[in-house]
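Please look over the sequence and the fold shown below before reading on.

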Amino acid sequence: MKMRVIFLSALDVWSIGDREGASSFYNTITLYTSYGHDVFLIKPISTRRKNYDIKGLHYINIDVDYIDFVRSIPKISFFADFIFRVKLTHNFIRQASALIEESNNMPCLLYAYEVHAVAAAEYLSKKYKVPFIARFQGTILDSKIHNKLFWYLRYNVHYRALRTKADMVIMTDDGTNGLNILKLLENKTEKIYFWRNGVNAPNLSLSIHPHVDDIRHKMREYLNFTDKDIVLMTLSRLVCWKRVDRAIDALSILLKQYPNCKLMILGDGDAKDDLQSRVKQKNMENNVLFVGAVEQSSLYQYFAVADIFLSLYDISNLGNPLMEAMLYRMPSSTIKNGNT
């Protein structure tokens, strides 16, 4: 039965760029479009936030360009975040209301993707008597749940969203202890699913692929690595809590004993300039390669190049990059946080 599916989210469909970064949001949307449903995504847009062409998906944009600028100013970012949440919630409700009212008796489903959309979805669900799903990509609350007032005020939107009763809650099993947090916050939703993200990885049998040696040699030549180089690899958005700086610092120590060590950093993000400055300060420009964002369909070529995969996040390392490294039979070094 065809229905109108209305996604509400503060996130872009792709976390880095078109078909670059985490694919879980994209996969969720395209599952609904593939079944022929009438799918809308209400989301913020600015110079830093993009729309990506997806067949069957209709965008309704909320302009937040000026708020994104203010949020980048550290001393007032907290107040800008508050304005951002208020503006989003108001527009989520206004735009989704119009879609529900014009649905001409077509069944509707509200899909709140991550914490900023849950309050609006809850209000709309009660007002129009339509079901809603709350979807969380893990949680940051595990280390903050017991530290009372400060963290409650700082991350109120997270606390409130994870407490909210929905028709269905989907919490990603990424090592951030999300299921236990839902229980501690006494979420009353009857249908709670604790699922690990799937991994769409081409050439899963790369390590036994008949042409893997050719791929490795050609890519190393293309990237200016020699066959004797020991290549370390990170794969993530370049944001502070992904802690790519740890890989850079580790390399500076390794080079004292293994001068042929190289570090290949895949991904892009706000922390890139700081990371490049760190490399320059340590005089390691010849040993560190910033590859940039890479389409998922091309990742296997970089896994063929690397010898060791590093995942050194502050918050759980049990995400898709580590699972992709495992699928490619890549020796990995990570941190014992989450369920690694």
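This is a predicted model: local features need pLDDT of at least 70, side-chain atom pairs count only at pLDDT 80 or more; totals for chains, interfaces and linings use all residues.

Residues are numbered from 1 along each chain as its sequence is written, and side-chain values use heavy atoms, with hydrogens and water left out.

**The sheet**

- Seven strands form an open sheet with parallel pairing, in the order β3-β2-β1-β4-β5-β6-β7; strands (E, at least two residues) and helices (H or I, at least four residues) are DSSP runs, numbered from the N terminus, and two strands pair if DSSP finds at least two bridges between them.
- The edges are held by β3 (57–63) and β7 (192–195), each of which has a single partner strand, so one side of each is left without a neighbour in the sheet.
- On average, neighbouring strands of this sheet are turned by 20° against each other, direction ignored, where the axes are lines fitted to C-alpha atoms (for helices over the stretch in contact) and angles run from 0 to 180 degrees between N-to-C directions.
- Four bridges link strand β6 (residues 168–172) with β7 in the parallel sense, and in β7 the bridge partner of Val 169 is Ile 192.

- How many residues of strand β5 (residues 132–136) are buried? Five of the five are buried, so this strand is largely enclosed by the rest of the structure; buried means under 20% relative accessible area, exposed means over 50%, and partly exposed lies in between (1.4 Å probe, protein chains only).
- Phe 132, Ala 134 and Phe 136 point one way from β5, whereas Ile 133 and Arg 135 point the other way, and all are buried.
- β5 pairs with strand β4 (residues 108–113) in the parallel sense over four bridges, and Leu 110 has Phe 132 as its bridge partner in β5.
- β5 and β6 also run parallel and are joined by four bridges, with Ile 170 in β6 as the bridge partner of Arg 135.
- β4, helix α4 (residues 118–128) and β5 make a right-handed β-α-β unit, a crossover being right-handed if, with the strands pointing away from the viewer, the path from the first strand over the helix to the second runs clockwise.

**Cysteines**

- The count of disulfides comes to zero, a disulfide being a pair of cysteine sulfur atoms within 2.5 Å.
- Cys 108 is buried, with a relative accessible area of 8%, whereas Cys 240 counts as exposed at 64%.

**Salt bridges**

- The whole structure holds 14 salt bridges, each defined as a side-chain nitrogen of Lys or Arg within 4 Å of a carboxyl oxygen of Asp or Glu.
- One of them joins Glu 122 to Lys 126, with the closest N and O atoms 3.5 Å apart; being four residues apart in helix α4, Glu 122 and Lys 126 are separated by about one helical turn.
- Glu 122 counts as buried at 16% relative accessibility, but Lys 126 counts as exposed at 57%.
- Another salt bridge pairs Asp 229 with Lys 262, where the closest N and O atoms are 3.3 Å apart. Asp 229 lies in the loop between α8 (212–222) and β8 (230–235) and Lys 262 in strand β9 (residues 261–266), so the pair ties together parts that are 33 residues apart in sequence. Both Asp 229 and Lys 262 are buried.
- Lys 282 forms a salt bridge with Asp 249, the closest N and O atoms being 3.5 Å apart. Lys 282 sits in the loop between α10 (272–281) and β10 (288–292) and Asp 249 in helix α9 (residues 244–254), so this pair ties together parts that are 33 residues apart in sequence.
- Lys 282 counts as partly exposed at 34% relative accessibility, and Asp 249 counts as partly exposed at 22%.

**Residues with positive phi**

- Lys 129 has a positive phi of about 60° although it is not a glycine; Lys 129 is placed in the loop between α4 and β5 and counts as exposed at 69% relative accessibility.
- Arg 329 is not a glycine either, yet has a positive phi of about 55°; Arg 329 is found in the loop between α12 (320–327) and β12 (332–334) and is exposed, with a relative accessible area of 56%.
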